Amino acid sequence: MILNKETARTTAELLLQIKAIKLEPQDPFTWASGWKSPIYCDNRIVLSYPPIRNFIREHFAKQIEEIYGKPDVIAAVATGAIGIGMLVAEYLSLPFIYVRPEPKSHGRKNQIEGNLEEGQTVVVIEDLISTGKSSLNAVKALKEAGANVKGMLAIFTYGFKTSEENFKEAGVEYHTLSNYDHLIETAHRTNYINASEAEILKEWSQDPSNWNVKI
């Protein structure tokens, strides 16, 4: 869910400017899943640009307080969201933890790194939501550790139907600073892509797993 349309447009424009999001409808990327995709997203790049990471940090903090009030702890999904999650926690003067995809195979075998007390309220920070599986895996680990997970905020989502279904089934609320629809609208408006390329990008979002068959 998008809370503020202007924030969504600005976030999309900033991500395009620093090439955290790349759009190549004529020369698609290949994801690790094997999908052909006209978009590639690496939001960790925002950490290299202080004004942009500050924008993301402050809007995350504002939305957390507006939606959930101040939680006890900020958690980030490893590894992509650790940097921005820590900045948000620092900005809000809150404890910070992060959640691995699975427990370590050595040492204390932690999946959650940092101090978390049973019953504490937690808001989870994510950099990107695709299918939502890794994000929800982190939420599951936090709940199993006794956390009261209020919800999740992410920088960007592709808006796949499967992710919406996964979050709904898990009963987890999430919000994002921007999403795929605002990205395409912003990219077209700023002449980053033309009308024909915008249509290709819209088509991909309707059936991404089979789009490679159609191109």
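What covers the buried residues of H6? Let us work towards that helix step by step, with the structure open beside you.

**Before you start.** This is a predicted model, in which local features need pLDDT of at least 70 and side-chain atom pairs count only at pLDDT 80 or more, while totals for chains, interfaces and linings use all residues. Residues are numbered from 1 along each chain as its sequence is written, and side-chain values use heavy atoms, with hydrogens and water left out. Helices (H or I, at least four residues) and strands (E, at least two) are DSSP runs, numbered from the N terminus.

**Stop 1: the sheet.** Select strands S7, S6, S5, S8, S9 and S10, in that order: these six form an open sheet with mixed pairing. Two strands count as paired if DSSP finds at least two bridges between them. S7 and S10 are the edge strands, each pairing on one side only. In general, strands of a sheet pair through backbone hydrogen bonds, either parallel or antiparallel.

Now pick S5 (residues 73–77), which is joined to S8 by four bridges in the parallel sense. Here you can find Ala76 opposite Ile125 in S8.

Stop 2: Move to S10 (residues 174–179), where six of six residues are buried (under 20% relative accessible area; exposed is over 50%, partly exposed is in between; 1.4 Å probe, protein chains only). S9 (residues 148–157) runs parallel to S10, with five bridges between them. Along this pair, Ala154 stands opposite Thr176. Follow the chain from S9 through helix H5 (residues 161–170) to S10, and you trace a right-handed β-α-β crossover. Right-handed means that, with the strands pointing away from the viewer, the path from the first strand over the helix to the second runs clockwise.

**Stop 3: the annotated site.** Next, select Arg100, Lys104, His106 and the run from Glu126 to Ser134, including Ser130 and Lys133; an unreviewed UniProt entry lists these under "binding site". UniProt positions are given in the numbering used here, feature names are shortened, and annotations may be inferred rather than shown by experiment. Among these residues, Arg100, Ser130 and Lys133 belong to the lining of the largest pocket. On a 1 Å grid over the protein atoms alone, a pocket is an open set of points with protein on both sides within 12 Å along at least five of seven lines, and lining residues have an atom within 4 Å of a point.

Zoom in on three of them:

- Arg100 sits in the loop between S6 (96–99) and S7 (112–113). Leaving aside neighbours within four places in sequence, its contacts (heavy atoms within 4.5 Å) are Ala78, Asn110, Gln111 and Glu113.
- Ser130 is in the loop between S8 (121–129) and H4, and is partly exposed at 27% relative accessibility. Not counting residues up to four places away in sequence, Ser130 touches Tyr158, Phe160 and Ser163.
- Lys133 lies in helix H4 (residues 133–144), and is exposed because its relative accessible area is 61%.

**Stop 4: helix H6.** Finally, select H6 (residues 180–189) and color its buried residues: Tyr180, His182, Leu183, Ile184, Thr186 and Ala187. Their cover includes H1, strand S1 (21–23), strand S4 (39–41), S9, S10 and helix H7 (195–206).

Terms used: On a 1 Å grid over the protein atoms alone, a cavity is a set of points where a 1.4 Å probe fits but cannot get out, and a pocket is an open set with protein on both sides within 12 Å along at least five of seven lines; lining residues have an atom within 4 Å of a point.
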